[in-house]
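Biologist: Can you walk me through this model? I have not looked at it before.
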Amino acid sequence: MSGQESHVLSGEMHRQYISIERSEGIYLYDQDGRRIIDASGGPIMASLGHGLDEMADALRDQAKKCVFAFRWDFTTPILEEASAKVCEVTGGAMDKVFFVSGGSEATEIAFKLARKYHLDNGEPSRFGVISRWMGFHGFTSGALSMTGFPGRRADFIPYLRDFGHIAPAYCYRCWYNLKPETCDLECAQALEHEILCQGPQNVSAFIAEPISGMALCAACPRQDYFQKIRQICDKYGVLLILDEVMTGFGRTGKWMAYEHFGVVPDIVALGKGLGGGYFPVGAVACTARVAETIASGSGVFGVGHTWMGNPLASAVVVKAIEYLRRHNLIQRSAEMGEYLIQRLKELRSHPTVGDIRGKGLMIGLEFVKDQETKEILDPGLKYYSQVALEALKQGMFLEAGGGCERGRGGDMLMFGPPFIVTRDQIDEMVAILDKVLSVVEKRIGF
């Protein structure tokens with residue numbers, strides 16, 4: 001925005017933001033008509049691509065029928081349909097769905113649902129939620145309490161509850177200085193230690209991202225990590241909540257990222273791609289066991305906000321799922337993701353490229369000062385920011401962040417383009433990043 005004062009309270013108050021006037025496909029267009037590749041999808045949300053008429057039509061058509069009905073007193077046909085479709089794409093693993101307005105709300109509702117389950121299961125002492133350091137679950141107070149991302153917690157620590165955190169599943173920088181080929185999954189075993197220290201009778205749930213979001217930019221656990229986590233949770237009667245806000249609905253090449261690891265959670269938090277990026281929507285889904293325990297107990301789950309289960313969001317969810325299926329976009333995410341990661345590996349010749357990781361169209365890069373030792377770059381350089389800003393100059397938006405080394409430093413970025421991306425467009429994105437890295441590396445003395 002230029003020429004007049006902005007009344008928007010922005011995240012970076014001294015930054016001059018580019019004003020986006022329209023979007024189409026994988027591209028954003030500013031007020032001057034300049035094209036910007038949306039290589040991080042909104043971020044990591046715009047799975048269907050921008051500017052789809054049928055998504056706009058779904059909103060318009062529903063608005064003509066019913067814009068709002070208070071969920072505490074009513075249901076709507078479109079809410080029923082959306083809930084059924086969400087359960088359907090999980091293969092029936094999930095049985096009930098509670099729609100909210102976004103991912104932070106979803107994770108907050110998820111741990112409250114776990115609490116209600118234990119209350120109605122006759123175990124009222126169970127309230128604690130264990131999570132992982134370097135995980136991110138949202139910015140509401142409950143979600144931020146579960147979050148283990150130091151940079152995002154720092155300003156609000158006085159308001160947060162200390163539920164307890166364990167080491168992340170972060171093979172590139174293992175906190176135990178072990179190798180995934182030979183370790184005994186100490187990072188998973190840490191959950192049992194934490195449960196025992198807190199007292200199993202006091203622990204309600206464990207929450208984790210199946211594949212890490214922006215705190216560790218697509219770090220993946222060892223294939224059997226979640227199987228051990230599932231066993232530990234079952235052993236002590238702790239519910240397993242998986243945060244699929246970023247990973248769900250095809251982002252990793254499957255409907256749900258937990259499918260990669262051969263487990264089923266008790267509760268799953270959803271958002272972002274749930275609506276394809278076309279409406280603020282999130283959801284919590286749970287198994288029949290969880291729902292039936294509450295139904296046969298108090299029969300009441302008294303949480304939520306005014307816009308929970310609203311018909312407009314429901315219509316978008318229904319249409320997004322239909323679109324993903326009709327265009328086979330889940331498989332396309334997997335295929336294009338394989339191509340993207342192959343092309344990105346060609347950038348290992350850059351001295352700052354340390355790790356390339358992820359699944360589907362959720363691919364992270366971690367940057368280092370030394371590839372052999374994995375020494376981090378000087379945090380004062382804000383290398384990740386330099387890369388993101390230089391990419392923007394060259395016509396590509398990338399979501400970047402820092403703090404992967406226990407919050408003290410570490411630079412990363414995340415690719416998460418819409419699933420409609422083509423090989424030619426991937427080639428262009430990688431070529432731009434190649435140029436960007438050369439510019440920034442030269443600037444800082446490599």
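Modeller: What follows goes through sheets, helices and a few residues in turn.

Modeller: This is a predicted model, in which local features need pLDDT of at least 70, side-chain atom pairs count only at pLDDT 80 or more, and totals for chains, interfaces and linings use all residues. Residues are numbered from 1 along each chain as its sequence is written, and side-chain values use heavy atoms, with hydrogens and water left out.

Biologist: Start with the sheet that contains S11. What is the strand order there?
Modeller: The order is S11-S12-S15-S14, an open sheet of 4 strands with antiparallel pairing. Strands here are DSSP runs of E with at least two residues, helices are runs of H or I with at least four, and both are numbered from the N terminus. Two strands pair if DSSP finds at least two bridges between them.

Biologist: Which strands are at the edges?
Modeller: Strand S11 (353-359) and strand S14 (399-402), each of which pairs on one side only. On average, neighbouring strands of this sheet are turned by 20° against each other, direction ignored.

Biologist: And how many bridges hold S12 to S15?
Modeller: Strand S12 (residues 362-367) and strand S15 (residues 411-415) are paired over 5 bridges, in the antiparallel sense. Phe367 stands opposite Asp411 in S15.

Biologist: Which helices lie across S11, S12 and S15?
Modeller: Helix H11 (residues 329-344) does, at about 20° to S12. H13 also lies across S11, S12 and S15, running at about 165° to S15. Axes are lines fitted to C-alpha atoms, for helices over the stretch in contact, and angles run from 0 to 180 degrees between N-to-C directions. Contact means heavy atoms within 4.5 Å.

Biologist: What else does H13 lie across?
Modeller: Helix H13 (residues 423-444) lies across S2, S3 and S13, at about 100° to S3. Those strands belong to an open sheet of 4 strands, ordered S1-S2-S3-S13, with mixed pairing. Its edge strands are S1 (20-24) and S13 (396-397), each pairing on one side only.

Biologist: How do S2 and S3 run?
Modeller: Antiparallel, with 3 bridges joining S2 (residues 27-30) to S3 (residues 35-38). Leu28 has Ile36 as its bridge partner in S3.

Biologist: Changing topic. Is Tyr225 buried or exposed?
Modeller: Tyr225 counts as buried because its relative accessibility is 0%. Buried means under 20% relative accessible area, exposed over 50%, and partly exposed in between (1.4 Å probe, protein chains only). Tyr225 is found in helix H8 (residues 225-236).

Biologist: What does Tyr225 touch?
Modeller: Leaving out residues up to four places away in sequence, Tyr225 touches Arg132, Ala169, Leu185, Cys187, Ala188 and Phe206. Tyr225 and Leu185 are 40 residues apart in sequence, and 6.7 Å apart in space, C-alpha to C-alpha.

Biologist: Where is Ala167?
Modeller: Ala167 lies in the loop between strand S6 (165-166) and helix H7 (186-198). Ala167 counts as buried because its relative accessibility is 8%. Not counting residues up to four places away in sequence, Ala167 touches Arg132, Trp175, Tyr176 and Cys187.

Biologist: How much of S4 is buried?
Modeller: Strand S4 (residues 96-100) is mostly covered, with 4 of its 5 residues buried. S4 pairs with strand S10 (residues 282-286) over 5 bridges, in the antiparallel sense, and Phe99 has Ala283 as its bridge partner in S10.
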